[in-house]
Amino acid sequence: MSRTETLVLVDAGGALLGALPPVRVELPWWPEVADVVAEARSRHGADVQVLRLLDADRPHPPGGRVTYLAQVFSPPAAPLAPADVDLAPHPLRAPYAVPGGPAASVAWALAASGRHDLTAVQQRTWNLSMIWRLEAAGQPVAWLKQVPPMFAHEPAVLALVGGFAPGLVPTVLRAGPPGRMLLGHVPGEDRYEAGADLCAAVAADWHPAQVHFAGRVDELLAAGVPDGRFDADRFARVAEPFLDGIDGLAALVDELPARFAAIEACGLPATLVHGDLHPGNVRADGDSRVIVDWGDATVGHPAYDILRLTGELDEPGPVLREWARRWRTDRPGAEPERAVALIRPVAELRAAAAYADFLDRIEPSEWPYHAADVPARLRAAAAAAVRWRCD
């Protein structure tokens, strides 16, 4: 799968200039823009910074035809086609999605690095983050990450986890408004589709930190970590528009208080939850593993993370059993296996609520990134409730 991208260009003042010819790029994932920027330079001699998604020909990623808005810094060699797009300001637009926004953040990062030999390369931009690689002589040195206000707690979370477990998370070299972070480079590869061995090692790495933060919930909340503990009303609000169209969803919502009570009775504490602990958010180099992308972190139930970590494994049982053994050791009398079974539909509701929060906080042109995820996760929640009953 690939995608065909079109760049609509504006100048530094936001004036519409026109559109470059469509170009096919290999990666289908809409937020990935390094190849988009490279194609504009190689094909048309245009130096651009991608600002945001304008349109797509399908309701959700990946692939298809997508149109981005980009600021151009050097005139393209190709003639520009007329473009008819709405460039009106929007109150939910990210500060890095407007002309001059990325350039200002790159200038901040370069100054914060204290070096004069770095080149910044745009990697990703969408409603959840902007990411640039800072390199010297072609080698990565640091990363600029900028996030919207809903993820403003990420630097604080990195500092808290790094203070307890140095090396488990990226190093924050500098943080500043609005939502900017300069992060130290982490060698290795993002371990998408990794197998059980990697997942078992990550679970073992993360467990002592979750035990540590289980006794520091007030500290987490004071640092700005969102409170993601059980909230039946929140889940009910997200589910309400879909109750008539998804079999079993209404029954799940009705039984949530009883299910929450049963999970709490299993004896596992609220603690720091990564929130999206899949192998792709683990960067590994040999025996070292670093957990990245902490924007979804909350205070919540530790079973959320082990379910996300093992969710793509063909045989998750051994990893789950070791996770349960560790928690029984640290919390004698707890029933971690039962907690995992009971929380499975709740984890899907939590994901649906997270996607609904994204939709509430981003402008409509970027809704295709997440809109399909809300009903998909609600359907998964209803199906899980049938299999993992609260009896």
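A charge is taken to sit over a ring if NZ of Lys or CZ of Arg is within 6 Å of the ring centre and within 35 degrees of the ring normal. Arg344 does this in the structure above: it lies over the face of Trp388, at 4.7 Å from the ring centre. The model is a predicted one, with a mean pLDDT of 95 for the protein chain. Here is a friendly tour of its aromatic pairs, its helix packing and a few backbone details.

**Confidence**

- In the protein chain, 100% of the residues reach a pLDDT of 70 or more.
- Confidence is lowest in strand E11 (residues 189-190), where the mean is 90.
- At the other end of the scale, strand E12 (residues 271-273) has the highest confidence, at 98.

**Charges over rings**

- Besides Arg344 over Trp388, there is Arg350, which lies over the face of Tyr304 at 4.9 Å from the ring centre.
- Tyr304 belongs to helix H8 and is one of its buried residues.

**Aromatic pairs**

- The structure holds eight aromatic pairs.
- In one of them, Trp30 and Tyr369 have ring centres 5.6 Å apart and planes at 65 degrees; angles over 60 count as edge-to-face, so this pair is edge-to-face.
- Trp30 comes from the loop between strand E3 (23-25) and helix H1 (34-44), while Tyr369 comes from the loop between helix H10 (336-360) and helix H11 (373-387), so the pair ties together parts that are 339 residues apart in sequence.
- Trp30 and Tyr369 are both buried, and together with Trp126 they form one aromatic cluster.
- Tyr355 and Phe358 make another edge-to-face pair, because their planes stand at 85 degrees, with the ring centres 5.9 Å apart.
- This second pair is set within helix H10: Tyr355 and Phe358 lie three residues apart there, about one turn of the helix.
- Residues three or four places apart in an α-helix point the same way, because the helix has 3.6 residues a turn.
- Tyr355 has a relative accessible area of 24%, so it is partly exposed, whereas Phe358 falls under the 20% cut-off and is buried, at 7%.

**Helix packing**

- Helix H3 (residues 154-164) packs with helix H4 (residues 196-214) at an angle of about 105 degrees, and their axes are 10 Å apart.
- Since angles of 65 to 115 degrees count as roughly perpendicular, H3 is roughly perpendicular to H4.
- On the H3 side, Leu160, Val161 and Phe164 take part in the meeting.
- Their partners in H4 are Trp206, Pro208, Ala209, His212 and Phe213.
- Helix H8 (residues 303-310) is mostly covered, with seven of its eight residues buried.
- The buried residues of H8 are Ala303, Tyr304, Asp305, Ile306, Leu307, Leu309 and Thr310.
- Their cover includes H4, E12, helix H9 (317-330) and H10.

**Backbone details**

- Most residues other than glycine have a negative phi, and most peptide bonds are trans.
- Pro61 and Pro62 are joined by a cis peptide bond, with omega about 5 degrees; Pro62 sits in the loop between strand E4 (48-56) and strand E5 (64-72).
- Pro177 and Pro178 are also joined by a cis peptide bond, with omega about -15 degrees; Pro178 is in the loop between strand E9 (172-176) and strand E10 (180-184).
- Ala137 is not a glycine, yet it has a positive phi of about 55 degrees.
- The place of Ala137 is the loop between strand E7 (129-136) and strand E8 (139-146), and its relative accessibility of 82% makes it exposed.
- Asp293 has a positive phi too, near 65 degrees.
- Asp293 is part of the loop between strand E14 (288-291) and strand E15 (298-300), and counts as partly exposed at 29% relative accessibility.

**Around Pro269**

- Pro269 lies in the loop between helix H7 (249-264) and E12.
- With a relative accessible area of 15%, Pro269 is buried.
- Apart from neighbours within four places in sequence, Pro269 is in contact with Ala214, Gly300, Pro302, Trp327 and Arg331.
- The C-alpha atoms of Pro269 and Gln122 are separated by 40 Å, and these two residues are 147 residues apart along the chain.

Key. Residues are numbered from 1 along each chain as its sequence is written. This is a predicted model: local features need pLDDT of at least 70, side-chain atom pairs count only at pLDDT 80 or more; totals for chains, interfaces and linings use all residues. Side-chain values use heavy atoms; hydrogens and water are left out. pLDDT is the predictor's confidence in each residue, from 0 to 100. Helices (H or I, at least four residues) and strands (E, at least two) are DSSP runs, numbered from the N terminus. Rings of Phe, Tyr and Trp (its six-membered ring) pair if their centres lie within 6.5 Å; planes under 30 degrees apart count as stacked, over 60 as edge-to-face and the rest as tilted. Buried means under 20% relative accessible area, exposed over 50%, partly exposed in between (1.4 Å probe, protein chains only). Axes are lines fitted to C-alpha atoms, for helices over the stretch in contact, and angles run from 0 to 180 degrees between N-to-C directions. Angles under 35 degrees count as roughly parallel, over 145 as roughly antiparallel, 65 to 115 as roughly perpendicular and the rest as oblique. Contact means heavy atoms within 4.5 Å.
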